[in-house]
Amino acid sequence: MRIQLDLKGELEDELSETIASNFTVAEGVTLEDMLKKLPFVDRVVLTSVNGTVIARSDRASLVLNESDKVTLLPAIKGG
Amino acid sequence: MGWQQKVLRVDLNAGTCTTEPLNMEWAAQYIGTRGLATRYLMENMDPAVDALSPENVLIFATGPLGGTLTSTSGRYAVVTKGPLTGAIACSNSGGKFGAELKFSGYDLMIVTGKSERPVYLLIEDDEAKLINAEDLWGRTVWDTEETIKARHHSEDMKVASIGVAGERGVYYACIVNDLHRAAGRSGVGAVMGSKNLKAVAARGSRGIRVKDPLRFMKVVEEKNQKLVDDPGRRSLTKSGTLSMMNVMQEFGGLPTNNFRDVQFDGVAKVNHKAVREKRHGHRNLLTNKACFGCTIACGRIAHIDKNHFSVVNRKEYWHASGGLEYETAFAFGPVVGVDDLDALTFAGYMMNEHGMDPISFGVTLAAAMELYELGVITREQTDGIDLRFGNAEALTVMSEKTGKYEGFGRELALGSKRLCEKYGHPELAMVVKGQEFAGYDSRALQGMGLGYATGNRGACHLRHDTFAEDMEDVSGKGKAQPCKDSQDNVAAIDSVGICLFTASAWDLGDLADQMDAACEGTWTAERLREAGERIWNLERLFNMKAGLTAADDTLPPRMLKDPAPTGMAKGKVNELDVMLPEYYALREWSVDGVPTRALLQRLDLEAFALADSA
């Protein structure tokens with residue numbers, strides 16, 4: 001099934017918008033499973049699904065659904 | 001080794017330039033730039049003096065790794081008492097001037113007194129002299145730099161100067177070097193202006209000796225590769241700091257309309273994508289640019305659409321110059337509600353040309369806009385300009401008026417605190433210790449709020465790093481420790497003489513490896529950390545001797561009482577009341593924020609103990 005990955009900040013450089021907005025995952029996959037597939041998972045600090053922040057401890061139990069919008073934010077540095 | 005071991009002392013009262021050996025015992029404890037200059041400042045002035053009096057001391061300082069092969073080694077710091085805050089000011093800049101000062105043979109330059117007439121300082125290796133600058137007084141930074149270079153027939157000369165803003169005492173005037181790099185914060189340019197010192201021009205030919213050249217080169221190569229491979233570095237090269245705009249918008253920490261809001265509707269018009277897009281046949285961003293010895297190159301070079309209202313008949317602004325970074329974009333965009341990219345870029349040009357801190361200017365203009373919308377300030381007072389949020393003309397006109405110290409610009413020159421106090425609404429000034437907030441709302445970023453409140457130079461985002469912790473959890477829980485630890489680490493990084501952006505890839509161990517190969521003694525991460533803690537506490541002691549107290553470690557009522565209206569911290573206020581006592585305890589300070597004698601003994605700071613140190 002397809003989900004929409006919404007990457008912010010430096011993570012925007014990791015995937016093209018076309019790939020990110022049509023990201024394919026298996027049925028029943030959890031947020032944590034999906035994140036593990038991303039090579040930049042170590043830099044993801046905050047996750048939200050359809051606008052709701054998902055705590056790190058809840059990522060393993062949250063099952064993604066078709067067309068979910070998953071927003072990923074990196075840690076940032078001021079300047 | 002590393003250090004040049006020489007200090008240039010400039011006595012503006014007497015008109016003399018003399019040299020003296022660097023105090024190597026202090027260098028061993030305070031490293032360089034920020035730390036070492038603070039130690040010299042404590043020795044050379046009474047912190048209680050008026051910041052704009054001749055008794056204030058102005059120090060330009062480089063670090064032991066400055067000018068070496070280490071990446072980003074072009075940094076220098078200006079350390080003095082800040083007129084904006086009445087606290088210690090330490091303002092750090094890139095470009096090429098810092099390395100040139102070191103190539104001239106000096107670690108520090110200490111400026112005392114006040115010249116009877118405007119002068120500039122010319123440094124050419126061992127020769128340093130003061131030259132009449134009456135013909136330069138009243139001229140812009142850009143004009144001054146060009147004129148001095150032409151006068152001395154040297155395009156290679158590096159110049160740091162002030163514009164009219166510094167001459168006229170704009171409280172947040174800065175010192176600009178290499179046309180568009182700046183020692184930007186706390187009003188260090190106003191101190192320079194108060195001394196009738198228009199510019200410092202340096203041309204050096206000396207190398208920098210390191211302890212173990214072969215080991216140093218090997219270590220530098222290894223660390224540079226680590227920086228090359230770092231994704232944070234890659235992002236800074238590609239997008240600069242501007243990519244943070246979307247992150248803060250999503251998170252709900254993007255200060256908008258003088259911090260009333262935390263998300264900005266016009267964000268897509270001023271973010272890192274907008275500067276790359278062609279609009280009306282014009283693309284704002286031209287290229288990126290690196291400072292001396294830098295392998296990151298986060299700097300942006302941009303140009304303004306020739307048809308934009310701000311420059312349509314002004315060819316002098318059609319050239320490429322310094323472009324938008326996150327802080328300038330926030331300060332000319334969301335916080336004043338403006339989404340006109342060319343207007344933002346023009347305001348940036350004004351900051352560089354006339355020598356002003358964009359953060360303080362933008363947040364001061366935002367406060368004035370709120371006062372205007374409340375009816376406290378009227379159109380008659382603003383030279384006929386409609387000062388409502390979102391008006392791009394208000395931004396461009398006022399940035400120029402303030403830089404030239406004209407009309408309502410003289411009111412904006414006061415900074416937010418003095419402006420809002422003057423008009424009877426001190427609560428609208430988004431400041432700590434008189435210095436304006438950077439582009440992060442401290443209801444969404446709780447640790448940022450603690451860092452602002454305890455910042456030795458007032459509100460500042462570059463004195464600590466709690467971003468990761470803040471974004472993991474929007475409460476104040478667990479923020480005091482990373483705030484304290486990162487404050488100490490940043491003090492060490494600054495004092496080595498390199499750019500804070502290396503911290504994306506390098507920890508103190510990486511710095512210690514390079515220090516140990518370049519400098520006398522044995523350098524470890526722990527030694528650097530302890531030096532950082534010593535520096536932080538010495539800055540604190542300077543401030544307390546200047547008259548600041550724990551009452552100054554606070555945030556404006558908007559952050560403490562008005563809940564964030566939207567975003568991921570919706571409904572939250574900053575939990576400073578919880579974080580601050582925990583922070584004081586971790587710092588080994590009393591409940592009144594005074595460093596204890598036991599701490600001062602551990603850090604070899606007993607000589608600076610306050611009368612009420614427990």
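The talk below covers helix pairs and domains of chain B in this predicted model.

Visitor: What makes α12(B) roughly parallel to α15(B)?

Guide: Helix α12 (residues 358–373) of chain B and helix α15 (residues 415–422) of chain B pack at an angle of about 20°, with their axes 8 Å apart. Angles under 35 degrees count as roughly parallel, so α12(B) is roughly parallel to α15(B). The crossing of these two helices, α12(B) and α15(B), is right-handed.

Visitor: Which residues make the contact of α12(B) and α15(B)?

Guide: From α12(B) come Val363(B), Thr364(B), Ala367(B), Ala368(B) and Leu371(B), and from α15(B) come Gly415(B), Ser416(B), Leu419(B) and Cys420(B). By class, the contact of α12(B) with α15(B) has six nonpolar residues, three polar ones and no charged ones.

Visitor: Why are α7(B) and α8(B) called roughly perpendicular?

Guide: Helix α7 (residues 213–229) of chain B and helix α8 (residues 231–239) of chain B pack at an angle of about 70°, and their axes are 5 Å apart. Angles of 65 to 115 degrees count as roughly perpendicular, and α7(B) and α8(B) are therefore given that name. In this contact, Leu227(B), Val228(B) and Asp229(B) of α7(B) meet Pro231(B), Arg233(B) and Arg234(B) of α8(B). The contact of α7(B) with α8(B) has three nonpolar, no polar and three charged residues.

Visitor: What is the handedness of the crossing of α2(B) and α20(B)?

Guide: That crossing, of α2(B) and α20(B), is left-handed. Helix α2 (residues 33–44) of chain B packs against helix α20 (residues 525–545) of chain B at about 35°, with the axes 10 Å apart. Residues in the contact include Arg34(B), Thr38(B) and Met42(B) of α2(B), and Trp536(B), Glu539(B) and Phe542(B) of α20(B). The contact of α2(B) with α20(B) divides into seven nonpolar, two polar and four charged residues.

Visitor: How do you know that domain 1 of chain B and domain 3 of chain B are in contact?

Guide: Contact means heavy atoms within 4.5 Å. By that cut-off, 36 residues of domain 1 of chain B are in contact with 39 residues of domain 3 of chain B. Domain 1 of chain B spans 6–203, and domain 3 spans 445–608. Their C-alpha centres lie 26 Å apart. Between them, domain 1 and domain 3 of chain B bury about 3,100 Å², 63% of it on carbon and sulfur atoms.

Conventions:
Residues numbered from 1 in each chain as written. Chains lettered and ligands numbered in written order. Predicted model: local features only at pLDDT ≥ 70, side-chain atom pairs only at ≥ 80, totals over all residues. Heavy atoms only, no water. Axes fitted to C-alpha atoms, helices over the stretch in contact; angles between N-to-C directions. Helix = DSSP H or I, 4+ residues; strand = E, 2+ residues; numbered from the N terminus. Parallel < 35°, antiparallel > 145°, perpendicular 65-115°, else oblique. Left-handed = near helix turned anticlockwise from the far one by under 90°. Nonpolar A, V, L, I, M, F, W, Y, C, P; charged D, E, K, R; others polar. Domains from an automatic or database assignment. Buried area = accessible area lost by both parts, 1.4 Å probe.
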